[in-house]
Amino acid sequence: MAIRLSDETSQRLISSIKRYVSENTEEEIGELKARMMLDFFLEEIGPSIYNKAIADAQAHMHDRVGDLDGSCYEPEFGYWKR
């Protein structure tokens with residue numbers, strides 16, 4: 001599954017990459033190199049981050065579903081116990 005970003009998000013990320021390189025390496029890179037870096041990150045690193053996010057969401061949902069018995073339970077046949 002390829003990670004697709006909106007044009008606006010891509011442009012903001014490219015600007016961020018250019019700024020990061022400029023401030024941390026004292027070199028300037030152009031739009032093309034920044035876009036190539038972004039494409040690399042999305043292809044190589046993106047799936048690992050995506051998979052971790054999905055696993056975290058599944059674990060959270062599993063915990064919430066497991067808690068249904070405790071949070072949504074109503075005692076039955078309690079009328080005559082009054």
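**Helices, nonpolar core and aromatic pairs**

Lysine 81 lies in the segment that comes after helix 3 (68-71). The structure described here is a predicted model. With a relative accessibility of 70%, lysine 81 counts as exposed, because the cut-off for that class is over 50%. Between lysine 81 and leucine 32, which are 49 residues apart along the chain, the C-alpha atoms are separated by 76 Å.

Aromatic rings were examined next. A search of the whole structure returned 2 aromatic pairs. In the pair formed by tyrosine 79 and tryptophan 80, the ring centres are 4.8 Å apart and the planes stand at 90°, so the arrangement is edge-to-face; the angle required for this class is over 60 degrees. Both tyrosine 79 and tryptophan 80 are exposed.

The largest nonpolar core consists of 6 residues, namely Ile14, Ile17, Val21, Ile29, Ala34 and Leu38. At least two residues of this core are supplied by each of helix 1 (7-25) and helix 2 (31-66). Helix 1 provides the largest share, with 3 residues. In soluble globular proteins, nonpolar side chains tend to be buried together. Isoleucine 29, a member of this core, is in contact with Ile17, Lys18, Val21, Ala34 and Met37 when its neighbours within four places in sequence are left aside.

Serine 10 is also located in helix 1. Its relative accessibility of 12% means that serine 10 counts as buried, since the limit for burial is under 20%. When residues up to four places away in sequence are not counted, serine 10 touches Leu5 and Leu38. Leu38 is itself part of the largest nonpolar core and is among the buried residues of helix 2.

The buried residues of helix 2 are Ala34, Leu38 and Gly46. Helix 1 is included in what covers these buried residues.

Definitions and conventions:
Residues numbered from 1 in each chain as written. Predicted model: local features only at pLDDT ≥ 70, side-chain atom pairs only at ≥ 80, totals over all residues. Heavy atoms only, no water. Phe/Tyr/Trp six-rings, centres within 6.5 Å; stacked < 30°, edge-to-face > 60°. Buried < 20%, exposed > 50% of the residue type's maximum accessible area, 1.4 Å probe, protein only. Core = buried A, V, L, I, M, F, W, Y, C linked by side-chain atoms within 4.5 Å. Helix = DSSP H or I, 4+ residues; strand = E, 2+ residues; numbered from the N terminus. Contact = heavy atoms within 4.5 Å.
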